[in-house]
Amino acid sequence: MTSVRSVGGLLLLAALAWPASWQLHKIRQFRQQSLAPFVPSPHAVVEKMLEAAAIKPGETVYDLGCGDGRILITAVRKYRARGVCVELSPDLVRKTREEIRRLGLEDRIQVIEGNLLDADLRQADVVTLYLLTSSNEILKPKLESSLRRGARVVSHDFIIPGWEAVRVEKVQASGRTHTIYVYTMPPKKH
Ligand SMILES: C[S@@+](CC[C@H](N)C(=O)[O-])C[C@H]1O[C@@H](n2cnc3c(N)ncnc32)[C@H](O)[C@@H]1O
């Protein structure tokens, strides 16, 4: 009888501990996959990034690490583009989906929860980035192998090492100068 009780107790303990250990596992996984913290691009920077990308109506813009979705929401509303938002944080994905639904843009913007390094970029006409130089370096081989000729990559503040920008813009916002780098595919290399 005692051993039945202790086995039952152990099972109960395991059942209580499992959600906590699953949470810890998810937090660890998130930290390992994260290529940049969430810092939204100021709206003036978003406007300049999209203008510099010379988006045509119907083109598809991917924001890799899309945060609150502001770049794609602007691209869709102002340039009549389509958007694909790839975001690691489940919390941001939920909020961004809610905002897109509130604005009635569900048929124009797809939100993918996951690692941007796993995204299929073959349909992208424009890719926007606000990561880190070291993250861009990790992403670079994927951009080179997946993006079609003529696609544009626009990066806020961080260069893609080894690529030569075709255009560089400066924007004053939130009390500092932001730099926007525009690359076209295939990229010119240093
Ligand atoms: C600096 S914020 C930029 C947000 C948005 N692109 C903007 O410019 O306003 C970087 C975003 O990338 C997301 N992120 C970081 N690593 C990621 C990964 N491996 N896959 C998908 N998203 C990622 C972060 O959660 C964060 O929302």
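**Exercise 1: a residue and its core**

Task: find which residues Leu72 touches, leaving aside residues up to four places away in sequence.

Solution: Leu72 touches Val61, Asp63, Cys66, Gly83, Cys85 and Ile109, where contact means that the C-beta atoms, placed from the backbone, lie within 7 Å. Next, Leu72 is among the residues with the most contacts inside the largest nonpolar core, which has 43 residues; such a core is a set of buried Ala, Val, Leu, Ile, Met, Phe, Trp, Tyr and Cys residues joined through C-beta atoms within 7 Å. Helix H3 (residues 70–79) gives the most to this core, namely six residues, helices being DSSP runs of H or I with at least four residues and strands runs of E with at least two, numbered from the N terminus.

The model is predicted, so that local features need pLDDT of at least 70 and side-chain atom pairs count only at pLDDT 80 or more, while totals for chains, interfaces and linings use all residues. Residues are numbered from 1 along each chain as its sequence is written.

**Exercise 2: a positive phi**

Task: locate Ala54 and state whether Ala54 is buried, exposed or partly exposed.

Solution: Ala54 is in the loop between helix H2 (43–52) and strand E1 (60–64), and has a positive phi of about 50 degrees although it is not a glycine. With 14 other C-beta atoms within 10 Å, Ala54 is partly exposed, because buried requires 20 or more such atoms and exposed 12 or fewer, with partly exposed in between.

Note on methods: Contact = placed C-beta atoms within 7 Å.
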